[in-house]
Amino acid sequence: MKITHLILFLCLVAINCIGQKKIADKHITYQQERMVFKQWDADKFTPKSGFLDLNPQYWITWALHPNYPKTDLRPLGPMGPQTQRLLFAAAMQNSDNSYKLHADTLGNTAIAEAVNYSAALSAADPLWQIYYRKEFEELLNLSDADVLSGLSPQEQKYFVSTGLYDWYMEESNALLERLQLARTTNLDRGSRITAYHRMLAEYRSLRAGWEMKKSKARTYLNIKGVAERLRNSETSSPVTSRSDIQIANDILKKSKL
């Protein structure tokens, strides 16, 4: 009984040793190497054809698929499926980056165009803030006190009675309306700045004309006052024979006093 157990034990040990024997098949090794990490080398396909292509193992192995050694089937080979997937993924990434760049460019262009055309941002324009807002300040804050500043009550009455004041206010309000329209209309920035420039030239011309009228009004009122005083003095004094030239010279002399 003990001998039987001993024989069975030895058989199990022998079977176990045989089962643990390492299999070293060069054909399998070559195939694993070429499929995983080594070059697809057609010269390492075994078994070889042998002398005069008479090796029967060669024909048994490769007879059904003779072109297999010539076709690189590595997943990471030059034309392998995994390489193609990686290339395709890289191409898709480049396309995504191109589309993103294009979309960002369109977005930035749209924002720039909106800023360029939008009337809501015209007040924040640097050129308006730095220059044109100060130049148009009197027109934007137009008032009677500013228009008639520096004039005496008699001169103010003269401008109102002759209609010069109403004329100046109409021209100023029309210019102010055009300026506000240019600021509140969706317009190209270049066109807006050009409109500012034209209206500023018109406003300066209007202001210069108004100041000239104010200075001439003083001279006119002075001459008118002197003429009235001379006329009154002549009516109250005996008539003297004086020429028109003498009278005009007297008026001019007294107007300069």
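**Figure 1. Glu 135, partly exposed in the predicted model, and its partner Arg 204.** In this predicted model, Glu 135 counts as partly exposed because its relative accessibility is 29%. Its side chain meets that of Arg 204 in a salt bridge, with an N to O distance of 3.1 Å. The pair links distant parts of the chain, with Glu 135 in helix 5 and Arg 204 in helix 10, 69 residues apart. Arg 204 has a relative accessibility of 44% and therefore also counts as partly exposed.

**Figure 2. The salt bridge between Asp 125 and Arg 189.** The N to O distance between the two side chains is 2.5 Å. Asp 125 lies in the loop between helix 4 (81-117) and helix 5 (126-135), whereas Arg 189 belongs to helix 10 (residues 189-236); these distant parts of the chain are linked across 64 residues. Asp 125 counts as buried because its relative accessibility is 12%, under the 20% limit. Arg 189, at 34%, counts as partly exposed.

Figure 3. Glu 211 is partly exposed, at 35% relative accessibility, while Lys 214 is buried, at 4%. Salt bridges with shared partners join Glu 211 and Lys 214 with Glu 138 and Arg 207 into one network.

Terms used:
Residues numbered from 1 in each chain as written. Predicted model: local features only at pLDDT ≥ 70, side-chain atom pairs only at ≥ 80, totals over all residues. Heavy atoms only, no water. Salt bridge = Lys/Arg side-chain N within 4 Å of Asp/Glu carboxyl O. Helix = DSSP H or I, 4+ residues; strand = E, 2+ residues; numbered from the N terminus. Buried < 20%, exposed > 50% of the residue type's maximum accessible area, 1.4 Å probe, protein only.
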